[in-house]
Amino acid sequence: MSIEDNSGVRPGVRPRGMSDADRERPWGLRESYLFDRNVIAEIQRAAREGIYDIRGFGAKRRLPHFDDLLFLGASVSRYPLEGYREKCATDVVLGTRFAKKPLELKIPVTIAGMSFGALSAPAKEALGRGATEVGTSTTTGDGGMTNEEREHSKTLVYQLLPSRYGMNPDDLRRADAIEVVVGQGAKPGGGGMLLGHKISDRVAEMRSLPKGIDQRSASRHPDWTGPDDLEIKIQELREITDWEKPIFVKVGATRTYYDVQLAVKAGADVIVVDGMQGGTAATQDVFIEHVGIPTLPATRIAADTLQELGMHRKVQLIVSGGIRGGADVAKALALGADAVSIGTAALIAMGDNSPEYEEQYRKIGSSAGFYDDYQAGRDPAGISTQDDELAARFDPVVGGHKVANYLRVLTLEAQTLARACGKSHVHNLEPEDLVALTVEAAAMAKVPLAGTDWIPGSNGSL
Amino acid sequence: MAVVASETAELEVVDLSTTSVRELNQRLHHLAGGAPGPRGFRILNPSGAHALACGLDAEIDVEIEGHVGYYCAGMNKLATVRVHGNASTGIAENLMSGRVVVEGNVSQSAGATGRGGLLVVRGDASSRCGISMKGIDIVVGGSVGHMSAFMAQTGCLVVCGDAGDALGDSIYEARLYIRGSVAGLGADCIEKEMREEHVTQVAGLLEASGIDADASDFRRYGSARQLYNFKIDNAGAY
């Protein structure tokens with residue numbers, strides 16, 4: 001869909017965004033809030049195509065988020081650390097509960113699971129290179145582990161997904177941790193999806209599927225249902241890997257209080273909670289925008305649940321979904337996370353949606369800053385594609401370095417905020433350091449509305 | 001670890017009433033890559049324990065004398081595991097190679113996502129037998145429950161008895177051979193012609209399994225391949 005022309009819609013794509021030209025309309029023409037041009041275009045598209053809109057990226061609607069929180073820097077009653085001289089540590093250890101070999105990361109930001117299939121092999125390699133350069137981990141995805149990824153990732157988390165594509169005990173043993181994926185924030189309760197044009201020979205072989213078919217992964221695991229089974233499944237994974245590897249359990253944020261309790265009961269070393277802003281390679285738009293809860297409340301609920309169980313910092317908490325800058329990192333940690341995970345932001349750091357490719361984005365009916373058709377496999381930046389020609393545009397060494405740079409900035413920014421709050425470790429940030437700008441965020445993060453002592457719903461004021 | 005026989009003997013006996021599952025599995029894992037040690041194991045008193053003899057990677061024979069819990073022989077390579085009893089959920093899940101034989105009945109998700117090797121169940125298998133199978137061959141002497149071979153990708157499921165409802169739902173390229181009745185076929189699963197090559201394939205699998213049945217009595221089911229690419233006209237099939 002061209003951003004300048006919302007009257008015509010190309011098949012399969014819903015118009016998103018509006019140019020300045022769109023806004024320049026005669027006075028007196030009033031656009032409906034309820035039926036704005038995006039809504040009208042989508043109704044027209046649905047009527048024409050008879051199928052839901054599938055796209056990548058994450059939720060695009062406005063949601064309460066970390067932007068709605070502010071830090072209270074040090075003042076007379078608090079003592080800051082010197083910004084450039086005093087140490088503010090960022091290391092994090094994941095998997096201290098049961099694993100013989102916990103992960104020791106230098107920064108509290110990890111790379112989330114993204115599949116080989118959704119992404120090109122060089123893109124996966126770049127994520128490994130970037131993570132390794134700064135001493136953090138990266139994660140496989142719904143498509144198995146590639147050699148490029150393993151080779152270039154010092155610390156690699158291997159996902160166990162319902163599809164079990166490419167799952168094998170050798171990769172399990174050469175992984176540094178195992179992540180049992182129950183769900184993801186973009187589509188809690190939904191399975192994976194990889195459309196036929198991205199099933200290349202190599203992807204098909206790794207997944208034991210015919211080439212070119214639409215691959216719709218199951219939403220439930222094939223050999224366990226419910227928390228009691230999960231406990232036994234985790235036991236099996238530990239037995240196969242001789243209790244060496246940390247076991248993560250990843251859930252999309254929905255009934256976070258119960259999910260965290262059950263994951264702890266099932267024996268997880270680490271819990272990953274992915275809020276509804278979490279990205280995806282291909283999911284129905286209706287799923288992305290209407291299922292799950294935002295990362296902000298999910299973070300606080302998960303941390304509080306671990307506190308309630310006496311397991312905070314014993315079972316580590318990773319949150320993801322909409323982490324963009326060091327402020328998001330610091331706020332998530334202040335609310336109780338041990339680390340955060342990034343996906344979409346890492347792709348952007350590597351070149352996704354770069355203005356450099358504007359002309360080519362236009363050719364496929366999109367624009368830099370709006371591209372979300374990861375499912376289509378025609379990514380001009382050569383990242384979300386299996387087309388060899390497109391993938392060749394992407395240099396994994398350069399891309400990896402960009403990811404590393406970006407991770408460094410996230411860390412520096414988080415340290416800056418932590419020092420301002422007087423913390424010698426980013427983990428010392430706490431909810432007491434935060435206030436909220438909106439009533440919603442105050443209620444969800446359980447911190448006071450700025451300038452008040454009012455925490456809606458938790459101190460009897462409401 | 002209570003080892004009854006000497007470690008240099010051909011057969012090592014491990015009694016799970018005095019040895020932990022962890023010790024047993026560690027012992028078996030140490031034999032990976034052709035490491036020296038006995039090539040035969042006899043496991044006593046399994047008592048329904050979970051994750052027994054899983055993650056093996058050695059050409060060894062493991063005889064389990066009794067019932068086993070979940071995920072017995074899960075993700076194994078090369079080994080032969082024989083259960084002289086019944087098995088719970090996920091026997092031989094994600095099997096890579098080698099062989100797993102259960103003398104009794106098995107619970108749900110037998111051979112789930114298996115990528116190679118052979119699973120033989122002499123009794124019946126419950127629901128979801130062969131779910132998401134990716135190359136494993138499964139031979140069941142009795143019947144299988146509902147949703148068997150759901151999203152089955154490759155490999156063969158041979159059932160000497162009957163199949164429950166929704167057989168082969170959303171199946172890919174796996175071959176299903178059923179001798180008895182089929183309560184119902186799942187989405188995109190159809191009966192297909194049983195040609196000579198298929199009779200030969202079934203005969204080979206029956207022989208490898210030590211099950212006496214006439215291969216020509218079986219009927220073949222597989223994918224109609226109508227749901228391989230999403231078409232809105234098929235929405236009613238989901």
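I looked up the contact between the chains. In this predicted model, 21 residues of chain A are in contact with 37 residues of chain B; contact here requires C-beta atoms, placed from the backbone, within 7 Å. Helix H7 (residues 226-240) of chain A gives the largest share of chain A's side, five residues. I sorted that side by class: 10 nonpolar, five polar and six charged residues. Ala, Val, Leu, Ile, Met, Phe, Trp, Tyr, Cys and Pro count as nonpolar, Asp, Glu, Lys and Arg as charged, the others, Gly among them, as polar.

I noted the conventions. Residues are numbered from 1 along each chain as its sequence is written, and chains are lettered from A in the order in which they are written. Local features need pLDDT of at least 70, side-chain atom pairs count only at pLDDT 80 or more, and totals for chains, interfaces and linings use all residues.

Next I traced the sheet of chain B. It is open, with 11 strands in the order S1-S2-S3-S4-S5-S6-S7-S8-S9-S11-S10 and mixed pairing. Helices (H or I, at least four residues) and strands (E, at least two) are DSSP runs, numbered from the N terminus; two strands pair if DSSP finds at least two bridges between them. Strands S1 (11-15) and S10 (189-192) of chain B are at the edges with a single partner strand each, so one side of each has no neighbour in the sheet.

Four bridges join S10(B) to the antiparallel strand S11 (residues 219-223) of chain B. B:Glu191 has B:Tyr221 as its bridge partner in S11(B).

How values were computed
Contact = placed C-beta atoms within 7 Å.
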